[in-house]
Amino acid sequence: MAAAERARLVLLDEDTGRLTFRHPLIRSAMVQMSTADQRRRAHQALAAQLADQPARRAWHLAGAATGPDEQVSALLEEAARWNLGRGDGAGAVVALLRAADLCPTSSGRGRLLAEAAYVGADVTGDLHRVSPLLEEARRADPAHGGALAAAVAASYLLLNGDGDTDTAHRLLSGTIESLAPVPDAAGSGTLTEALHTLLLVCFFGGRSELWRPFHAALARLGPHVPVLLGVQAATFADPARSASGVLAALDGIISGLGDETDQTLIVRAGIGAIYVDRLAGCRAALWRVVRDGQQGGAVTSAINALFLLCADDWMTGRWEEAEQLTAEGLALCESHGYRVLAWPGIMERALIAAARGDFAAAAEMTAEMTRWAAPRKLGAVDRYADHVSALAALGRGDFDRAFRHAAAISPPGQLASHVPEALWVLLDLVEAAVRTGRHDEAAAHVTAMRDAGLAQISPRLALVATGAAAVATKADADARRLFEETMAVPGADRWPFDLARIRLLYGERLRRARAGADARTHLVAARNVFGLLGARPWERRAASELRATGLGMSRSHAFGETELTAQEREIAMLAAVGLSNKQIGQRLFLSYRTVGAHLYRIFPKLGITSRAALRDALAGHGAEQADGARPDGEPTARPEHPES
């Protein structure tokens, strides 16, 4: 049989490099009948026909190789990059290992084995193979063992295995510093991976001095720093000082995630988005990463994606979903040995426990964080514990303790260098300071927020910064003006817990100023949101304030004091059955922005925090089903936010 004819009968498994045959009845016979030379020639024939498919061509050339071949090894390395780009970490590892087999030089073989170790750990979740592959890399190249790639893999193992950030930092930063200047980062994928890994090591280490080698390495690259790495260096490392200059670049990256298949890029975009409140734009892509992991794909990427979604769920009031995703992520961490990656998930679980008044569970988790972080000097995990402890103390009414924990993250009047968690406890610190008579400290922190321009970074930070300024202001007239500005922040309803806390504080201030009717409006809205979230300590506080205004707890106030207008009711009914803002606007001859503005007013009136709750809330008001519902009663879609 001619080689070209055989080529029409065979298929290639691109992950293993093995040939199979198109027709199952001839598969076994063809294998038995073909000699090694015939199979090589079949591979060569197939390779000749696949010039426009480099990855498949590389595997066929590998199948035709009879010994080390530098060109084919390089093609397989490119195939590994292609596999990574489409989210196939396992295929990338197989390609790198085969490239190592075909590499004619010991240094090249060592490097490829070390890269396979890193990719296996970073993408597929296979920490257990890192040490054996690094040992094989050292045997292949005793002098260097893959040098930078080996340092990346070893540092990743040190960080994720036992949280040894100091050793990981010394190894990785030292190896990077020993390199000759690299003029173009795009030509050194390993260096880019090294810097991404060093960024994580510095973050979990949580001390500003750890960042100096990282920033020095970026400076050496000059204008050739990869865009996403540069964005992360600003928004993830030190957002209070650096984020504003890269937000346009980050928004561009996020807008391009729609068809993105590179799971590492998706997760890194989410990491860049977390402290500047842009995770909403990453959710669809992060869910793709999660689903791939659930189907046996990249485990490490799925863990990161799960916890990024949890972080957004916590901020936006999807607490039930957050608890479900946290449980799934922590189970993966446990089964794959990712101890450090587990702490963000544990923090989210502890925050929800603290907000809901399960103080014993929150305390148990914070004690676990502190015990594990202290001997390893994991500053980020210590700050996680302080964040939870501050929130729990606020819920208990222990404002002095709340102040001490919030100030441990970032002192009053400062947004500590390279402490991104400072942006999560802004309101906590100011509220605790005011309630304990530390008015100068509260005012200093508000000044620090204003000087840093936090309100320009995101609507949430605008909400919190303006609300904190209102809380810290002594004059009632100024406070009322600032609270009203806070209520008018576009998109404020996206952050229901933060907004409800500010409305509670506003209601308290109004009650003390004897503006009872106005106070009740905000206290009722706050109480309803706290009730929906299950934030019992805050719900009880709002209820107590309401009683102090003379309002009882009758059912008539369950959804606030203001009824929906006819147009608001119509918009709410259409949104409840799944119509988008654009579709509602087309039906009612309104712009989609006007529809969104109406929904922002509707949510607090109904005492809800998301579109998904509209159906039940309207049913409680006796609203009839709008046109557009499916016959089975389920909505045609469930957009997540008022502006969807």
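Of the 644 residues of the protein, 56% are classed as buried, that is, under 20% relative accessible area with a 1.4 Å probe and protein chains only. The model is predicted, so that local features need pLDDT of at least 70 and side-chain atom pairs count only at pLDDT 80 or more, whereas totals for chains, interfaces and linings use all residues. Residues are numbered from 1 along each chain as its sequence is written, and side-chain values use heavy atoms, with hydrogens and water left out.

The protein contains 34 helices and two strands, taken as DSSP runs (helices, H or I, at least four residues; strands, E, at least two) numbered from the N terminus. Contacts are defined by heavy atoms within 4.5 Å; among those between residues at least 6 apart in sequence, 65% join residues at least 24 apart.

Glu421 lies in the loop between helix H23 (399-409) and helix H24 (426-435). Glu421 counts as buried because its relative accessibility is 1%. Its side chain forms a polar contact (N or O atoms within 3.5 Å, one able to donate a hydrogen and the other to accept it) with the side chain of Arg383, at 2.7 Å. Residues touched by Glu421, not counting those up to four places away in sequence, include Phe203, Tyr275 and Ile409.

The axes of helix H26 (residues 459-472) and helix H27 (residues 476-487) come within 8 Å and cross at roughly 165°, the axes being lines fitted to C-alpha atoms over the stretch in contact, with angles from 0 to 180 degrees between N-to-C directions. H26 and H27 are therefore roughly antiparallel, a term applied to angles over 145 degrees. Residues of H26, among them Leu463 and Val471, meet residues of H27, including Leu482 and Phe483.

Note on methods. Buried < 20%, exposed > 50% of the residue type's maximum accessible area, 1.4 Å probe, protein only. Parallel < 35°, antiparallel > 145°, perpendicular 65-115°, else oblique.
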